[in-house]
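Hi,

Here is the structure I promised to pass on.

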Amino acid sequence: MALPGPAQLAWLGDAVWELHQRTRLVRHQASSHRLHQAGVEQVRAEAQSAALFFLEPHLSESELEWVRRGRNSAGRGPRRVDPAIYGRASGFETMVGWLYLCNPERLNELLCLFQDLPLDGPV
């Protein structure tokens, strides 16, 4: 199977990140409405950009290359989001999608770095 392009990887990575964040949130006692609100906050472009900032010191050259490819293919994004933030978020999603398909063990290693962070923080 040929590897999908950056836009398709970003689409997949967005779903993987949302599932990861929902898994973190569901461990806390809250109403489904509150869980939904918290989940939306954690998967917004701003939160994904913050997640990338948090992970960058831990990323390999190939992972950073996929971030760059995703950022460069992102386009402008919605008006409510700064284009630089949207680009970083798209790069993050692309890298997550690529790792999900090509190196799930490494993806799990990176996502585990978020486990002990407070839920009300940037990621």
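Starting with the surface: the protein exposes about 7,200 Å², and carbon and sulfur atoms supply 56% of that. Those accessible areas come from the Shrake-Rupley method with a 1.4 Å probe, and for residues only the protein chains shown count as cover.

Before you read on, a word on where the values come from. This is a predicted model, so local features need pLDDT of at least 70 and side-chain atom pairs count only at pLDDT 80 or more, while totals for chains, interfaces and linings use all residues. Residues are numbered from 1 along each chain as its sequence is written, and side-chain values use heavy atoms, with hydrogens and water left out.

Now the fold. The protein has six helices and zero strands, where helices (H or I, at least four residues) and strands (E, at least two) are DSSP runs numbered from the N terminus. Along the sequence that reads α-α-α-α-α-α. The radius of gyration is 14 Å, close to the 14 Å that the globule rule gives for 123 residues, so the protein is as compact as a globular protein of that length. That radius is taken over C-alpha atoms, and the rule is 2.2 Å times the number of residues to the power 0.38. If you are setting up a box, the C-alpha atoms fill one of roughly 40 × 35 × 30 Å, taken along the principal axes.

On charges, there are 13 positive and 14 negative side chains, and the centres of the two sets lie 6 Å apart. Lys and Arg count as positive and Asp and Glu as negative, leaving out His and the chain ends; each charge is placed at NZ of Lys, CZ of Arg, CG of Asp or CD of Glu.

How much of the protein is buried? Buried residues make up 37% of the 123, with buried meaning under 20% relative accessible area, exposed over 50%, and partly exposed in between (1.4 Å probe, protein chains only). As for contacts (heavy atoms within 4.5 Å), take those between residues at least 6 apart in sequence: 77% of them join residues at least 24 apart.

The largest nonpolar core has 19 residues, and Trp17, Leu55, Leu59, Phe92 and Met95 touch the most other members. By nonpolar core I mean a set of buried Ala, Val, Leu, Ile, Met, Phe, Trp, Tyr and Cys residues joined through side-chain atoms within 4.5 Å. Helices H1 (6-26), H3 (45-55), H4 (61-72), H5 (83-102) and H6 (104-112) each supply at least two residues of this core, and H5 gives the largest share, five residues. Leaving aside neighbours within four places in sequence, Leu55 is in contact with Phe92, Met95, Leu110, Leu113 and Phe114.

- Phe54 sits in helix H3 and is partly exposed at 28% relative accessibility. Its C-alpha is 9.2 Å from that of Leu113, 59 residues away in sequence.
- Ser90, in helix H5, is buried at 7%. Not counting residues up to four places away in sequence, Ser90 touches Ala10, Gly70, Arg71 and Ala74.
- Trp11 belongs to helix H1 and is exposed at 70%.
- Arg22 is in helix H1 and partly exposed at 48%.

Cheers
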